[in-house]
Amino acid sequence: MLVVSAGMMMPAIFSRGIASARAMSLEGSRFAQAASDRTLIVVQMAGGNDGLNTVIPYTDPLYHQMRPTLAIPDSQVLTLDSRLGLHPSLKALQPLWEQGHMAIVEGVGYPNQSLSHFQAMDIWQTLDLSGNGTEGWLGKLVSGWVDQDGHPFKALDVGVQTAQALQSISTPVPTVASVNAYRVYPDPADRDAGNARMQALMKLYSSYPKTSPYAALLDTTALNAQDGSSQLRQADATYNPAVTYPTNSFAAGLKILAEAIVQGLGLRVGYVTLGGFDTHANQQTTHATLMQTLAESLSAFYNDLNAHGKADSVVVMTWSEFGRRVEENGSLGTDHGTAAPMFVLGKPINKGVYGEPPSLSSLDSNGNLKYTVDFRSVYATVLDRWLGASSKDVLGASYGSQNFLPQP
Amino acid sequence: MSMNDDDLNNQPTEPRRKLGASAGRPSMAGGISPGQMGAVPPTPIAPVSGQTIPPTPTYRFARGTQGTQRGPVTSSRQGVSRRKVLGASLLGMAGLGVAGVAGGLALNWAEHGNSSNLFHSSAGSAQIGHLLRRAGFGASPTDLATYQSLGFQGAVERLLNYQQVSDDELENRLKTLNLDLNKPADQQRWWLLRMAWTQRPLLEKMTLFWHGVLTSSYQKVGGKNFFMRMIIQNQFLREHAFDTFDNILLGITADPAMLFYLDLTRSRKNSPNENYARELMELFTIGLGHYTQQDVSEGAAALTGWHVEGLTSRYIPADHNNLVKHYLGQTGNFDYKDVVRILANHPAAPWFLSRKLFTFFVYENPSTDDLKPLVDSYVESGHNIGAVMRTLLLSPQFSSAQAYRARIKSPTEFVVGAYRALGLQGSGMALPSFTTLTGQTLFNPPNVGGWPGDKVSALWLNSGTWMSRLNYIDLLLVRGGAIGKEQPQPLDLQAVVNANHIDSPEHFVDYYASFLLDGTLDSDRRSMLIDYFTTPDVSRGGAQVTLTDGKSYPLNRVRGTLYLMMSSPEYQLN
């Protein structure tokens, strides 16, 4: 959360946040030399993705038994190994798997999983298991980096609202709906392209009394916008995607992120959301469309980066606030569930299935899966092994790691 | 009680928010919006014997006459309207008059509402300005004069007793626009222009509040043939905005858009769908921590029996699960009416609702003491929302320094507010795209939790939405809001100058500050604006504005000064 100004009463967690952000800032510069060209793209699948129909335990008879209408027939499953296969609409991801650029972490969750979208999203993004956290784990990470050396785009969120994962107490993250909208249009009656007007406006912001409501937020937001808009506009003028992206807003978002990477804007953390996964009813078509959108857009993104020689420096990680109930409901859909798989994509990845698919015969009292991998160990892996950050500092504790990325 | 300027200048040094408090639940872009949902046709309902209830007051909006020619559509089916389902006690504001708390006013700004010095005062206009921003969408000079003449309490009465104020002019103007209310962009224009032109601002603001709480999205109401369900829901929320919470919950449970949005229409008595049952408790009435997963599944069973049929809905007793349910500590063969009764009477409900209202209308992270009077009003008035709102608006907290500019304007407040303040009469074509670019698409919330910015207003602001706010102001001033092929109509500043006898740059700044910024601009900032106005320059094409003292200034500087005021930090705050 961002609203900070001098003298603000700040809960202890945020003072710690500041301290660790400062520590990380130092650490970040040390580390920056080794890994400054590395980028993490986080893809949020909002609404609770049906993990069982994404990475399918197709050989388990219980899967077919508990999902008489929604189970994907064996013949359509894209086989990964003798136990698991992909939803047929994820076909565009198959080449990535075959080339060794895709990992799946199975059974990801946390203790006492919440069936509330909002508490679960809070937990995944702030790591506060009470669901009352505010500062995002990525916000904490990037607050020491953003603007450190004149790069406003160390982090970039696509959309009209900054994701909670990227909320930080000290640094607003640029939030871009589209490249065209990310600029200030001048009054044509101004013959200086609006420069004098913008200068006067920035003066109104910098001189806004620091004790006034939202002073820091307003000032940093204005600065952030001013710095970023010209850089993005320049980058955009010379960027040519190497592939044709699918025509949906999720793909358009990935294209903005690719542009920031290819054009060397210094992007370390990118964030984009695909929504619509809350499939309580008539799930089949909806979910298939979402799977296709996800796979084709990510595939285009990868191919674009690859063609620009950037595929070695980008890792993509997906998450969703929960999986869905094992047994289908009476509305051809599934209700809120718990553990689910995460995808990790990119050239630097060790291909494979990590973690353990949860058992379908040993469910919790609500008929939901028992998690086998703590989501924080996945975060720790990308922090320690990819971004070279200290996961202990960012996450507040050590949660082990997964082997989908090599030891640095 | 007297008032000096210090009271106003002594504004809260911080937005009063405890960052860790549970009230604010920031969420993320994209949310759970079912953006990819395809059109799903409504389930055909097999004719059943017994009582047939099409409970929706089916307003039909004929093309070109939207917003005025509405009335119950004659149904061939014998049935009971949603209005009937709500019970005979549907008297709207009936409870309002009795439940007022006229005493106990400790307004910082009270007794200053009658200042006649409209354009150069701060005290009275600031308090009325604050009231109209919170309980409406800001003020034009006319609004300010109208409400200021009533005094603060009189202004509150006028806002609450909206039926006594005619909105015919609005309805007539909307009629001329030939909006097609089957289309989301026209739906948004229809509502945004209502907000901009209404003489009943609190009614529209309250409708907006409910839309953010009891929310649905056109992305999942049954496909494009049924987008009209969103307007039906909107009209329901407007007509019952100040009704009892019980009636509002009964109506929203039977609402066609909601039935589809949260899948109650697909719930089956032998296999209940949990979606509505869960969100009804978590997001609409009592909140997390007051129910268990068992309450979700038992509640879902109790809520079965509803179906959407076209633009109406029906309750079919034969489709209702008749088993005994254990729900929130009570046991019985409950149906939807019992669920609503239990929830509206649940001890957590008034606190939950009061927190939402207080956060939306006053400031974030209210204390128990802040909420207690609202909770008491809820209980004493028989759950009447009008009574609760009266208590809220007349509370010392509402008029406190802590509340002043304590929230970032929402996209709707910003976009509508600027349109209203400048008195624009155009097509409103730009309003939907600019509310979207600034972070809020009406009838399409990010997810069932509504807009996170309604809870934590800081979430409305980021680099992208900030630039879109600036661009919107530019569009209003340079083109009068015209987009695409529309003929640009630049704001006629010469006419404003002439009509208001503006005879100096100072007067220009003070005139606009009086209703845009409560007249509270401090001298440093006022000087910056005047400097900008008077800096020698030549507007492209040489256009000028001549003040009534005969001196001319380049158009770009005059217009730029107003742009700076509406792009300033102060103007982003509500």
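**Note on the predicted two-chain model**

1. In strand E8 of chain A, Gly270(A) is the bridge partner of Ile41(A). The model is predicted, and the points below should be read accordingly. The pairing belongs to a set of seven bridges that join strand E1(A) to strand E8 (residues 269-275) of chain A, the two running parallel.

2. Strand E1(A) also pairs with strand E9 (residues 314-319) of chain A, again in the parallel sense, over six bridges. Within this pairing, Gln44(A) stands opposite Trp319(A) of E9(A).

3. How much of strand E1 (residues 39-46) of chain A is buried? Eight of its eight residues are, and the strand is described as mostly covered. In a regular strand the side chains alternate between the two faces of the sheet. In E1(A), Thr39(A), Ile41(A), Val43(A) and Met45(A) point one way, whereas Leu40(A), Val42(A), Gln44(A) and Ala46(A) point the other way; residues of both sets are buried. Ile41(A), which is bridged to Gly270(A), and Gln44(A), which faces Trp319(A), therefore belong to opposite sets, and both are buried because each has 20 or more other C-beta atoms within 10 Å.

4. Chain A also holds an open sheet of three strands in the order E2-E4-E3, with antiparallel pairing. Its edge strands are E2 (55-56) and E3 (78-79) of chain A, each of which pairs on one side only. Between E2(A) and strand E4 (residues 85-86) of chain A there are two bridges in the antiparallel sense. Ile56(A) has Gly85(A) in E4(A) as its bridge partner.

5. Helix H7 (residues 215-237) of chain A comprises 23 residues and spans 34 Å from its first C-alpha to its last, close to the 33 Å expected at 1.5 Å a residue. Buried residues of H7(A) include Ala215(A), Leu218(A), Thr221(A), Ala222(A), Ala225(A), Gly228(A), Ser229(A) and Leu232(A). An α-helix has 3.6 residues a turn, so residues three or four places apart point the same way. The cover over the buried residues of H7(A) includes helix H6 (195-206) of chain A and also helix H22 (463-479) of chain B.

6. In chain B, helix H18 (residues 385-394) is mostly covered, with 10 of its 10 residues buried. Among them are Ile385(B), Arg390(B) and Leu394(B). Two packed helices are described by the angle between their axes and the distance between the axes. For helix H17 (residues 368-380) of chain B and H18(B), the axes come within 8 Å and cross at roughly 155 degrees. Since angles over 145 degrees count as roughly antiparallel, H17(B) and H18(B) are therefore roughly antiparallel to each other. The crossing is right-handed.

7. Most residues other than glycine have a negative phi. Asn178(B), however, has a positive phi of about 50 degrees, and is placed in the loop between helix H7 (168-175) and helix H8 (184-197) of chain B. Is Asn178(B) buried or exposed? Asn178(B) is exposed, because 11 other C-beta atoms lie within 10 Å and the cut-off for exposed is 12 or fewer.

8. His501(B) likewise has a positive phi, near 50 degrees, without being a glycine. The residue lies in the loop between helix H23 (493-499) and helix H24 (505-516) of chain B. His501(B) is exposed, with 11 other C-beta atoms within 10 Å.

Notes: Residues are numbered from 1 along each chain as its sequence is written. Chains are lettered from A and ligands numbered from 1 in the order in which they are written. This is a predicted model: local features need pLDDT of at least 70, side-chain atom pairs count only at pLDDT 80 or more; totals for chains, interfaces and linings use all residues. Helices (H or I, at least four residues) and strands (E, at least two) are DSSP runs, numbered from the N terminus. The expected span of a helix is 1.5 Å times one less than its number of residues. Two residues are in contact if their C-beta atoms, placed from the backbone, lie within 7 Å. Two strands pair if DSSP finds at least two bridges between them. Axes are lines fitted to C-alpha atoms, for helices over the stretch in contact, and angles run from 0 to 180 degrees between N-to-C directions. Angles under 35 degrees count as roughly parallel, over 145 as roughly antiparallel, 65 to 115 as roughly perpendicular and the rest as oblique. A crossing is left-handed if the near helix is turned anticlockwise from the far one by less than a right angle, and right-handed if clockwise.
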